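Biologist: I would like to learn how to read ring contacts in a protein model. Could you walk me through some?

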Amino acid sequence: MASGAATGVDSGSDSGLEAPLPDDFAGRLVRWQRLHGRHGLPWQGTRDPYRVWLSEIMLQQTQVATVLDYYPRFLARFPDVAALAQAPLDDVLALWAGLGYYSRARNLHGCARRVMADWGGVFPARAADLVTLPGIGVSTAAAIAAFCHGERISILDGNVQRVLARHRGLDEDFSRAAPRRELQRLADALVPHASEMPVYTQALMDLGATRCTPRQAACDVCPVRRDCIALAQGRVHELPRKARATVQKVWAHALLLHAHCDCAGLWHVALVQRPATGVWSGLWTPPLLDEAQQAQRRAHAPPIRAHEAFLHVLTHRRWFLTPWLCATRGGDLPDAVALGLDGDQAAAMRWWTLDQAAGLALPAPVRARWLGWMEELTAA
DNA sequence: AAGTCGGGGAC
DNA sequence: GTCCCAGACTT
């Protein structure tokens, strides 16, 4: 389809996929990128696959401004793939805590070990091989291959979908497989010579992130406005079509903050490590008590100081968390049963000193309130 | 194809 | 409040 359209024969359809390929699309983007693209980000100016890979994983569904806080710290602690592979997973999670999507950290660590074990410590160059590694999907594989090795392969992340959907005037739901394949074919037909792949790939991303934005697109300074179908039709703000919203479920748990002061006057706090799957996987949290477990805990002394619940919103959940504060003193550290825990959480519970706890991988809403809770628990 | 997985930036 | 971000993985 694309080759026939490139001859300049317009089928008469208003579909951007069947229209002629835009002339010099990549060239215009490349020239724009050199002048107006984003430069100087910490993961730019290198073709080191480790650094590019790390940035791509961190940037999955995560904005640049957020990653800027994490990337340098992570790189300083794990300067190369060997250092990352050698580290315990808990050390990786501790540096990832707060970034979200914690399976990324688990897969990152697994990927580093696979690169060491199966690839001699060198990331494979081709996207087809990269995509076999944990945590690297088609989008990330294409980005690494294009940035580091100039592979002629198209990326199709959220930014690029928006740019192409608008420029070709494609009013389809790209969360569906068939329209997505069509868009992929278009993107494939637009890739330039290998020598321009790194800057072209960056250009598409930068245009989507800084000009062709979801709202209030800056079409007046767009390098491809000349033949943008959405702009000509006055439909920029309508594209791409939105997929239907997901339904949020409601959760409610008590968050049991139990601190114990031992005979030496040293404070400890009980935390449980979350399982490898599910929300906050691998992170350490105060025990989470559902309704039955709350009843179980209420049957025990000592008493609880309950705070007002706070709301924590995740993509699919509205989560009401009620902090329960409890301080005890003297003797041995209470066991999990004494705290009212059962089964899995009892097995996953550990006592930590406050200094130790501060260095663990804590979820963002726990980290944000941690010092206040500890201060209240250890006061008087 | 649909559901699961965080947190925050920008509006 | 809203939308969505350099998506991957499981079912």
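Modeller: Gladly; we will go through ring pairs, then charges over rings. This is a predicted model, where local features need pLDDT of at least 70 and side-chain atom pairs count only at pLDDT 80 or more. Residues are numbered from 1 along each chain, and side-chain values use heavy atoms, with hydrogens and water left out.

Biologist: How many aromatic pairs does the structure hold?

Modeller: Rings of Phe, Tyr and Trp (its six-membered ring) pair if their centres lie within 6.5 Å; planes under 30 degrees apart count as stacked, over 60 as edge-to-face and the rest as tilted. There are nine aromatic pairs here. In one of them, tryptophan 280 and tryptophan 319 have ring centres 4.7 Å apart and planes at 35°, so the pair is tilted.

Biologist: Are tryptophan 280 and tryptophan 319 buried or exposed?

Modeller: Buried means under 20% relative accessible area, and exposed over 50%, with partly exposed in between (1.4 Å probe, protein chains only). Both tryptophan 280 and tryptophan 319 are buried.

Biologist: What kind of pair do tryptophan 284 and tryptophan 352 form?

Modeller: Their planes are at 80° and their centres 5.1 Å apart, so this pair is edge-to-face. Tryptophan 284 is buried, at 7% relative accessible area, and tryptophan 352 is buried too, at 11%.

Biologist: Which residues do ring pairs link into a cluster?

Modeller: Tyr50, Trp53 and Phe123 are joined that way.

Biologist: Which charge lies over the face of tryptophan 251?

Modeller: A charge sits over a ring if NZ of Lys or CZ of Arg is within 6 Å of the ring centre and within 35 degrees of the ring normal. Arginine 317 does this for tryptophan 251, at 4.0 Å from the ring centre. Likewise, arginine 369 lies over the face of phenylalanine 310, at 3.6 Å.

Technical notes
Chains are lettered from A and ligands numbered from 1 in the order in which they are written.
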